[in-house]
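Please read the following briefing alongside the sequence and the coordinates.

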Amino acid sequence: ARRGTEDEPFAWQSREFLRKLCIGKEVTFRVDYTVPTINREFGSVFIGDKNVAYMVVAEGWAKVREAGPQKAEVSPYIAELRRLEEQAKTQGLGRWTKTPGASGESMRDLPPSAIGDPSNFDAMALLATNKGKPMEAFVEHVRDGSTLRVYLLPEFNFVQVFMAGIQSPSMGRRAAVPDVTASSDVVSDEANAEVEVTTSLTTAQRIAASASTAAAAEVPPDPYAREAKHFTELRVLNRD
């Protein structure tokens with residue numbers, strides 16, 4: 001789910017099927033066609049000689065996208081994908097289940113931290129309750145070689161985990177755009193019915209702008225930061 005929204009029915013089950021299908025495996029990607037108007041390439045992913053899209057559609061975890069009104073290019077595998085989709089519908093697999101109420105039950109009841117709002121998440125209470133105990137989770141993101149962002153199951157609380165006793169090189173910081181508002185002086189010339197607006201920064205705003213610019217400057221990664229992050233990603237990213 002995106003911030004402030006909820007899952008579509010069977011979205012989580014579809015994602016989990018794909019994650020478990022591909023995790024730890026070598027895949028290949030082939031571009032099937034490009035759409036110049038949006039500057040995008042579309043292609044197929046394979047595990048060995050098996051088309052991943054075939055496997056997802058065959059299990060009922062994805063539907064086949066129809067070509068738009070402009071009749072843009074489509075996947076060269078579209079005929080087989082449609083056949084597999086109809087087969088999954090007939091068998092009631094995945095999102096095509098015929099079980100009453102299954103659609104609503106498939107949608108997760110997410111806590112605020114799972115959709116980008118950590119304001120009411122009590123990290124200290126979580127620590128006090130679970131300190132020293134193993135917790136079920138999977139790694140959603142590797143921030144750097146020693147810092148992970150994980151979903152705790154089954155509640156889906158989204159937390160940041162620091163590996164005890166180590167610190168990897170920093171991945172730096174992206175540049176941000178400072179937000180500084182200038183004050184405006186309005187000078188009126190009633191005789192000529194003209195209004196002149198002059199804009200200048202106050203001393204406080206100039207100091208704030210200087211500090212903001214320094215904070216907003218991009219900080220490059222430390223030496224070996226990318227290598228450390230990649231090392232950790234290979235071993236834990238998207239794993240339980």
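A salt bridge is counted here when a side-chain nitrogen of Lys or Arg lies within 4 Å of a carboxyl oxygen of Asp or Glu. By that criterion Glu16, Arg19 and Asp240 are linked in a network of salt bridges, and a search of the whole structure finds 7 salt bridges. The model is a predicted one, in which local features need pLDDT of at least 70 and side-chain atom pairs count only at pLDDT 80 or more, whereas totals for chains, interfaces and linings use all residues. Residues are numbered from 1 along each chain as its sequence is written, and side-chain values use heavy atoms, with hydrogens and water left out.

**The chain as a whole**

- The protein chain has 7 helices and 8 strands, where helices (H or I, at least four residues) and strands (E, at least two) are DSSP runs numbered from the N terminus.
- Of the 240 residues in the protein chain, 25% are buried; buried means under 20% relative accessible area, exposed means over 50%, and partly exposed is in between (1.4 Å probe, protein chains only).
- Among contacts (heavy atoms within 4.5 Å), those in the protein chain with a separation of 6 or more come to 56% from residues 24 or more positions apart.
- The accessible surface of the protein chain is about 17000 Å², and 54% of it belongs to carbon and sulfur atoms; the areas come from the Shrake-Rupley method with a 1.4 Å probe, and for residues only the protein chains shown count as cover.

**Helix α1**

- Helix α1 covers residues 11–22, 12 residues in number, and reaches 17 Å from its first C-alpha to its last, close to the 16 Å expected, the expected span being 1.5 Å times one less than the number of residues.
- Trp12, Ser14, Glu16, Arg19, Leu21 and Cys22 are buried in α1, and the buried residues of this helix pack against β2 (40–47), α2 (52–58) and β4 (137–144).
- Gly24, which follows α1, has a positive phi, near 75°.

**Salt bridges in detail**

- Within α1, the side chains of Glu16 and Arg19 meet in a salt bridge at 2.8 Å, N to O; because these two residues are 3 residues apart in the helix, Glu16 and Arg19 are separated by about one helical turn, and both Glu16 and Arg19 are buried.
- Glu140 forms a salt bridge with Arg15, with the closest N and O atoms 2.5 Å apart. Since Glu140 lies in strand β4 and Arg15 in helix α1, the pair ties together parts that are 125 residues apart in sequence.
- Both partners of that pair are partly exposed, Glu140 with a relative accessible area of 25% and Arg15 with one of 30%.
- Asp144 forms a salt bridge with Arg143, the closest N and O atoms being 3.2 Å apart; Asp144 counts as buried at 6% relative accessibility, while Arg143 is partly exposed at 33%.

**The β1-β2-β3 sheet**

- An open sheet is formed by 3 strands in the order β1-β2-β3, with antiparallel pairing; two strands are taken to pair if DSSP finds at least two bridges between them.
- The edges are held by β1 (28–35) and β3 (50–51), each of which has a single partner strand, so one side of each is left without a neighbour in the sheet.
- The antiparallel pairing of β1 and β2 runs over 7 bridges, and Tyr33 stands opposite Phe42 in β2.
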